Amino acid sequence: MLSELKNNHHLSIMTKIKTLTDLKHLKDKIQLKNGLGKSGDKSEQIIQIKVGMATCGIASGAKEVMKYLIEECEHLAVDANVKQTGCLGYCYAEPMIEVLIPGSKPKVFGYVNNKKVREIIENYIIKGEQVEGEIPISFKTINN
Amino acid sequence: MTDPKKQFRIALRNCGLIDPEQIEDYIEQDGYFALGKCIIELSPEMVIDEIKNSGLRGRGGGGFPTGLKWEITKNVENNQKYVVCNADEGDPGAFMDRSILEGDPHSVLEAMAICGYCIGADTGLIYIRAEYPLAIERLKIAIKQAEEYGLIGDEILGSDFNFKIELRYGAGAFVCGEETALIHSMEGLRGEPTFKPPFPSVSGYMGKPTNVNNVETFASVPVIINKGANWFNKIGTEKSKGTKVFALAGKVNNVGLAEVPMGTTLREVIFEIGGGIIDGKEFKSVQTGGPSGGCLTKDFLDVPIDYDNLIAVGSMMGSGGMIVMDEDDCMVAIAKFYLEFTLEESCGKCNPCRIGNKRLHEILDKITSGKGTEEDIEKLKILSDVIKDTSLCGLGQTSPNPVLSTIANFGHEYLAHVKDGKCPAGQCKSLLRYDIIEDLCTGCTLCFRHCPVGAITGERRSPHFIDQSLCIKCGVCFEKCKFNAITLT
């Protein structure tokens, strides 16, 4: 779904993974592409914006928020990778978006509408100012 | 409103963080490495030992040790076996499995393949309710992508292990979460349970050995393989290892999902992660285990959550629904609500469940209408016990639990209904009474003009009256009166 909205493509035409080593190579390749691998050049990382697009998010209007977000990023010439995710578990605050600016801590904003999207892009992403509506996310996962 | 890292996410590790429609996102998080490790480096026995040592128990509610289930299914000789994922999530207010399938479908696919490798199955079936269209679509995409990469299909990672996964749709019947009913539904038969034994591990789908696990159980498996059983079994309590996802709903501020280590208290989940009760009202009860569980009072808030503790206090873990109630909720009405659900969802096969629950519901209805007696409360208890003892499947065996637990924990509310003719929470309309206080009534006629049934009479500038036989207790007069001249008792 929403393939028309996504600017995230498969790495290449999928080739079958025939060994465990192939799988490891694929993981390295993905990490490299996302600039997170050992040899990844951090300066090339771009802003990532994730939109919660599970049933709870979509029911609260996440589809429109994502569409507007992509349009506004283009409009304001912000080079960002906008992608969908599932539910972060904070259903009460949907629609939610997470903004990851290289070198900064990820920020999650709740109750996002079009007006808020503009505010986040203009004030937080472009100017680096504080924007209200942050949802404190502090769970541990298996990796930390 | 803060969540001071009470949450620890294993089953939800990728939910909300990765794009569920991009297999590369999953692979980046070590996705399919557990499957690779199993089929290339470990024997099925070694994998089963690892799962057994981890202490993982079924997350669908039963709490049966997962590794043991795999071992039993493995040890049954047959050239055709099946792995089934139970995604027939049906408890009111529960949405853990949907979120996992929508947010991280590959974790379930990977674990099903691991299970298939262990028990000797080449086919996995996901039984999912048609009411979850987004989860279905994301599963379809995930299966297609995994097939394209060869991570599901023939000769996975160059081994001789073949495994394919297909979807089977349910029509959203609660009883089809019971594994024998689920299997019958998949076979195209009526979704009715049958007596166990034989267990599905011996004779399941199409009469073949079938291993049925829940979505959340599967989602935990790859982590156990990657991190090791000894990492997993250090989390949780003595008999309940790992974490459990709860769907917080009801009168709680932060409605959503919470995954916590076993042994976390209800108080921590409701007040710290859940942010407490809406509008600062007083907590009254928490319902765990869905229609099969029980309603616990504030006295149980400090009970560490695990399978055994919740059963000991008269509720159960269930699949993870957690519905919070405040001072405005009537516990008799809540019990009636759950019975209504059970009545709708009973398959009707056995008498105790089909007829017994109907009678329970009638008695509860009588009590909430103000016509109940103390004897009715006794009848509820006796009938509940009979239904529990004589029903065929889990649905009937647990359906009276909300009634029994509310009588045990909120007996005074039942008594107030039958002895005093009062509903303490003010929810049971038949027991409410609106009256006009003559001294305060100015005869403004506002209530008279708004009453939808013409139950209020009186002359202008003189006190009005409510005809109790006509009043439908809508409360409009109470809201409209500017002189606080109407009382609610």
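## Exercises on a predicted two-chain model

Helix H4(A) is followed by Gly128(A), whose phi is positive, near 75°. This is a predicted model, where local features need pLDDT of at least 70, side-chain atom pairs count only at pLDDT 80 or more, and totals for chains, interfaces and linings use all residues. Side-chain values use heavy atoms, with hydrogens and water left out.

**Exercise 1.** Work out how the span of H4(A) compares with the expected value, and find where the helix kinks.

*Solution.* Start with the ends: H4 covers residues 114–126 of chain A, 13 residues in total. (Helices are DSSP runs of H or I, at least four residues; strands are runs of E, at least two.) From first C-alpha to last, H4(A) reaches 17 Å, close to the 18 Å expected at 1.5 Å a residue; the expected span is 1.5 Å times one less than the number of residues. Now look for the bend, taken as the angle between axes fitted to the seven residues ending at a position and the seven starting there. You'll find a kink of about 30° centred on Ile120(A).

**Exercise 2.** List the buried residues of H4(A) and say what they pack against.

*Solution.* Buried means under 20% relative accessible area, exposed over 50%, partly exposed in between (1.4 Å probe, protein chains only). The buried set is Lys116(A), Val117(A), Ile120(A), Ile121(A), Asn123(A), Tyr124(A) and Ile125(A). Next, check contacts (heavy atoms within 4.5 Å): these residues pack against strands S1 (47–52), S3 (97–100) and S4 (107–109), plus helix H3 (62–75), of chain A.

**Exercise 3.** Which way do the residues of S2(A) point, and how does S1(A) pair with S2(A)?

*Solution.* In a regular strand the side chains alternate between the two faces of the sheet. Here Ala80(A), Val82(A) and Gln84(A) go one way, while Asn81(A), Lys83(A) and Thr85(A) go the other, and all are buried. Then take the pairing, which needs at least two DSSP bridges: S1(A) and S2(A) run parallel, joined by six bridges. One to spot is Gly52(A), whose partner in S2(A) is Thr85(A).

**Exercise 4.** Is Ser399(B) buried or exposed, and which side chain makes a polar contact with it?

*Solution.* First locate Ser399(B): it's in the loop between helices H16 (394–398) and H17 (401–419) of chain B. Ser399(B) counts as buried because its relative accessibility is 1%. Its side chain makes a polar contact of 3.0 Å with that of Asn357(B). (That's a pair of N or O atoms within 3.5 Å; within protein, one must be able to donate a hydrogen and the other to accept it, and residues adjacent in sequence count only if both atoms are side-chain atoms.)

Note on methods. Residues numbered from 1 in each chain as written. Chains lettered and ligands numbered in written order.
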